[in-house]
Structure formats: C-alpha cells, structure tokens
Amino acid sequence: VGQALVQDCVRRTREAGRSALVLSTKPEMTAAQRLYARLGFQRTPERDWEYAPGKGLLTFQLVLD
C-alpha cells in the first residue's frame with residue numbers, strides 16, 4: 001500500500017510538470033526510508049528540518065525526467 005501511494009504521488013508530480021519530488025520522514029521510520037531508496041529517492045540532508053525543538057525530519061528527493 002505504501003509503495004502504491006508513493007508511486008501515485010510520483011505520477012501526479014510528473015503530470016504537474018514538476019522536476020522533482022521532495023518528502024520528509026521521521027528518522028525512526030526505517031521501512032519507509034528503505035521504500036524511498038528502492039523507488040530511487042536520494043537523501044538530501046541539507047534539507048532536513050525540525051518541526052518542533054528536538055523533533056527532526058529527514059528529507060529525500062526524487063529527480064524526475
């Protein structure tokens with residue numbers, strides 16, 4: 001189900017004519033991170049951010065053709 005949801009987001013992003021898709025995830029969500037890597041997403045640590053003090057998110061980017 002998770003893979004289908006991400007693939008639909010990728011499809012919609014392509015249809016919108018965007019050049020990349022960026023997403024954020026919690027560090028403990030390792031299964032999601034493996035899924036993103038399998039689908040071609042690359043880590044973008046320079047874009048990591050905190051939504052609250054001490055509550056960080058990791059970012060990933062998929063460059064689209």
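User: Which residues in H1 meet Leu35, Tyr36 and Arg38 in H2?
Analyst: Gly2, Gln3 and Val6 do. Meeting here is contact, with heavy atoms within 4.5 Å.

User: What classes of residue are in the contact of H1 with H2?
Analyst: By class, 3 are nonpolar, 2 polar and 1 charged. Nonpolar covers Ala, Val, Leu, Ile, Met, Phe, Trp, Tyr, Cys and Pro; charged covers Asp, Glu, Lys and Arg; the others, Gly among them, are polar.

User: What kind of model is this?
Analyst: The model is predicted: local features need pLDDT of at least 70, side-chain atom pairs count only at pLDDT 80 or more, and totals for chains, interfaces and linings use all residues. Residues are numbered from 1 along each chain as its sequence is written, and side-chain values use heavy atoms, with hydrogens and water left out.

User: At what angle do H1 and H2 pack?
Analyst: About 50°, with the axes 11 Å apart. H1 spans residues 2-15 and H2 residues 30-38. Axes are lines fitted to C-alpha atoms, for helices over the stretch in contact, and angles run from 0 to 180 degrees between N-to-C directions.

User: How many helices and strands are there?
Analyst: The protein chain has 2 helices and 4 strands. Both are DSSP runs, numbered from the N terminus: helices (H or I) of at least four residues, strands (E) of at least two. Along the sequence the pattern is α-β-α-β-β-β.

User: What box do the C-alpha atoms fill?
Analyst: Roughly 35 × 25 × 15 Å, along the principal axes.

User: How many of the 65 residues are buried?
Analyst: 28% count as buried, meaning under 20% relative accessible area with a 1.4 Å probe, protein chains only.

How values were computed: Buried means under 20% relative accessible area, exposed over 50%, partly exposed in between (1.4 Å probe, protein chains only).
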